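Visitor: I would like a close look at a single part of this protein. Could you take me through it slowly, one piece at a time?

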Amino acid sequence: MALLQHQRLPGIGCGDIWARATSQCLAAASHAPSLPVLLRVNGGSRQAHLVVSRTTGNAVGLSGRSRRRDLCVVAASTASATPALPSGVSASDVLWPSAGAFLAMAVLGRIDQMMAFKGVTLTIAPLGAVSAVLFTAPDSPSAKKYNMFVAQIGCATIGVLALSLFGPGWLARGAALSASIAFMTITGSSHPPAASLPLLFIDGPKFHNLQLWYALFPGAAGCAILCLIQEVVVYLKKNYKF
């Protein structure tokens, strides 16, 4: 113990200790796994790895051109891992469907004024949902003409039959809705807005006088008008973009 207290090792100072510590850190860093960093290249997302140079024992940086000989960047595209952002919505994509919906309600409202003496109306809530489907998602299954007219006519007929069998009330509404869903499933005519037609008929006394004519009016007749307006909207969206 006394020998260790009086004996000094020559040539070992603070500078030497710092140099050894630095050398050991760099040696350990040379065996460490590469660290991922994110780069923005040409507007796209790329993943790069900061690799340690084993020949010099120095960590490779991304800062200067003078260190290019020591820089080894392994770039991998992350396009498959990161979903592409949706493209921006243009003004025409907003204007034409909105204008089509306005025109549809204006036409239906005008027809309502002409037929007011009969006490029926074309401006019903289900046609608002149909307008949203036709003008915003014209390529969706619900916007197909087969699905639309088969479901509209079939579900409206089911509403008339349910009221005749069960009378107004919860039983008629439940039976009509379940039968409408079964009908659309069997016929392959999925069109959600049509499921509200039976409920509208059961709870709307002003439609009761139509009886089986309700299968065509106002649902199917209103859809025919909306389909004509949809063709105009689709044409404008394709040919007049801004």
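Visitor: Let's settle on helix 5, then: what covers the buried residues of helix 5?

Guide: Happy to. Please keep in mind that this is a predicted model. The cover over the buried residues of helix 5 includes helix 4 (125-136), helix 6, helix 7 (197-203) and helix 8 (219-239).

Let's start with the helix itself. Helix 5 runs over residues 145-166. It has 22 residues and spans 31 Å from the first C-alpha to the last, close to the 32 Å expected at 1.5 Å a residue. Its buried residues are Asn-147, Met-148, Ala-151, Gln-152, Gly-154, Cys-155, Ala-156, Ile-158, Gly-159, Val-160, Ala-162 and Leu-163.

Two of those names come back when you look across to helix 6, which covers residues 170-187. Ser-180 lies in helix 6, and Ser-180 counts as buried because its relative accessible area is 0%. Setting aside neighbours within four places in sequence, Ser-180 is in contact with Cys-155, Ile-158 and Pro-198.

Now follow the chain out of helix 5. Just after this helix, Gly-167 takes a positive phi of about 75°. Around this stretch there is also a nonpolar patch on the surface, formed by Leu-165, Phe-166, Trp-170 and Leu-171. Together these residues have about 510 Å² of accessible area. Helix 5 and helix 6 each supply at least two residues of the patch. Trp-170 belongs to helix 6, and it counts as exposed because its relative accessibility is 67%, where the cut-off for exposed is over 50%.

Helix 6 also has a charged link to helix 7. A search of the whole structure finds one salt bridge. It pairs Asp-203 with Arg-173, and the closest N and O atoms are 3.0 Å apart. This pair connects distant parts of the chain, with Asp-203 in helix 7 and Arg-173 in helix 6, 30 residues apart. Both ends are partly exposed: Asp-203 has a relative accessible area of 45%, and Arg-173 has a relative accessibility of 30%.

Gln-211 sits in the loop between helix 7 and helix 8. Its phi is near 55°, a positive value in a residue other than glycine. Gln-211 counts as partly exposed, with 45% relative accessibility. Pro-218 lies in that loop between helix 7 and helix 8 as well. A cis peptide bond joins Phe-217 and Pro-218, with omega at about 10°.

A disulfide is a covalent bond between the sulfur atoms of two cysteines. The count for this model comes to zero disulfides. Cys-223 is in no disulfide, and the nearest cysteine sulfur, that of Cys-227, is 6.3 Å away. Likewise, Cys-227 is in no disulfide, its nearest cysteine sulfur being that of Cys-223. Cys-223 is buried, with a relative accessible area of 0%, and Cys-227 is buried too, at 8%.

Helix 4 and helix 8 are included in what covers the buried residues of helix 3. Helix 3, residues 91-114, has 24 residues and reaches 35 Å from its first C-alpha to its last, close to the 34 Å expected at 1.5 Å a residue. Its buried residues are Ser-92, Trp-96, Pro-97, Gly-100, Ala-104, Leu-108 and Asp-112. Take Ser-92, which counts as buried because its relative accessibility is 0%. Not counting residues up to four places away in sequence, Ser-92 touches Pro-97, Lys-237, Tyr-240, Lys-241 and Phe-242.

How values were computed
Residues numbered from 1 in each chain as written. Predicted model: local features only at pLDDT ≥ 70, side-chain atom pairs only at ≥ 80, totals over all residues. Heavy atoms only, no water. Patch = residues over 30% accessible without salt bridge, like charges linked within 9 Å, V, L, I, M, F, W, Y side chains within 5 Å. Areas by Shrake-Rupley, 256 points an atom, 1.4 Å probe, with all protein chains shown as cover. Salt bridge = Lys/Arg side-chain N within 4 Å of Asp/Glu carboxyl O. Helix = DSSP H or I, 4+ residues; strand = E, 2+ residues; numbered from the N terminus. Buried < 20%, exposed > 50% of the residue type's maximum accessible area, 1.4 Å probe, protein only. Expected span 1.5 Å × (residues − 1). Contact = heavy atoms within 4.5 Å. Disulfide = S-S within 2.5 Å.
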